[in-house]
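Open the model in your viewer and keep the selection panel at hand.

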Amino acid sequence: LHVHLNKSGAINKLEEFVPPSEFQVEKLMDYPLRCLVLLSQVSADMWRRNGFSLVNQVFCYRNVKWREEMFDKDIIMLQIAASIMDPNQFLMFVLTRFELFEVFSKSPVPRNKDVIQQTNVLIEEFLHHIIMVVGERYVPGVGLVKKDEVTLREVIHLLCIEPMPHSELAKSLPENENNETGLENVIHQVATFK
């Protein structure tokens, strides 16, 4: 909604309907941030005993086909919150949710090997999410990009991993509501067919 308000210019009139004192950005970013923290905790093997159900949920959350409706929108919400909030307050809120505030504020306490490994993975995930919040502006309405440029970027990222046949490349791209990926519009700019 915030992105659409920005596109239309109606965001400037938001204060007329919701006073700044009542606009609690922390509440808006809390649930998306919880999802990202859970994702990081699963990567750190903190949810090992929960079987494959949680691993499958994380796979679907990050999968290219559905990422646009889940993961990307959570990152956008964090970007909006970071742009509205005081930067120090934003960082403290995110550190608290990741349960890393004490790690950065106190001297390290000797812990067992597993806890140190989990903490290191959480710190890496925390930094990765901060980098995404600051630098990932490839969403129309958030960054100054068009849909074709977003598709072009996705294709470049996929082809950097390995050469792919056309069909595999098409399967790896997210589809819009018309089951189109936009691949045909940009494929000739970045790919060489053999």
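## The largest pocket

Start by selecting helix 10, which gives 9 residues to the lining of the largest pocket, the largest share from any element. This is a predicted model, and the stops below are read from its coordinates.

The space inside the largest pocket is about 1500 Å³.

To centre the view, pick Glu68, Asp72, Lys73, Ile76 and Val139; of the 48 lining residues, these lie nearest the centre of the pocket. Now colour the lining by residue class: 21 of its residues are nonpolar, 16 are charged and 11 are polar.

## The whole chain

Zoom out and show the chain as a cartoon. What does the chain hold in the way of helices and strands? There are 12 helices and 0 strands, so a sequence of elements read from the N terminus is α-α-α-α-α-α-α-α-α-α-α-α. Along the principal axes, the C-alpha atoms fill a box of roughly 55 × 50 × 30 Å.

## Helix 6 and helix 9

Show side chains for the contact. On helix 6, select Phe71, Ile75, Leu78, Gln79 and Ala82; on helix 9, select His129, Met132 and Val133. Coloured by class, this contact has 6 nonpolar residues, 2 polar ones and no charged ones.

## Helix 3 and helix 7

For the last stop, select helix 3 (residues 25–43) and helix 7 (residues 87–97), whose axes come within 10 Å. The crossing in which helix 3 passes helix 7 is right-handed.

The helix 3 side of the contact consists of Glu26, Met29, Asp30, Leu33, Arg34 and Val37. Across from them, helix 7 brings Gln89, Phe90, Phe93, Val94 and Arg97. Colour these residues by class as well: the contact has 6 nonpolar, 4 charged and 1 polar.

Definitions and conventions. Residues numbered from 1 in each chain as written. Predicted model: local features only at pLDDT ≥ 70, side-chain atom pairs only at ≥ 80, totals over all residues. Heavy atoms only, no water. Axes fitted to C-alpha atoms, helices over the stretch in contact; angles between N-to-C directions. Helix = DSSP H or I, 4+ residues; strand = E, 2+ residues; numbered from the N terminus. Left-handed = near helix turned anticlockwise from the far one by under 90°. Contact = heavy atoms within 4.5 Å. Nonpolar A, V, L, I, M, F, W, Y, C, P; charged D, E, K, R; others polar. 1 Å grid on protein atoms, 1.4 Å probe; cavity = no way out; pocket = protein on both sides within 12 Å on 5 of 7 lines; lining within 4 Å. Points joined across faces, edges and corners; volume = space filled by probe spheres on them.
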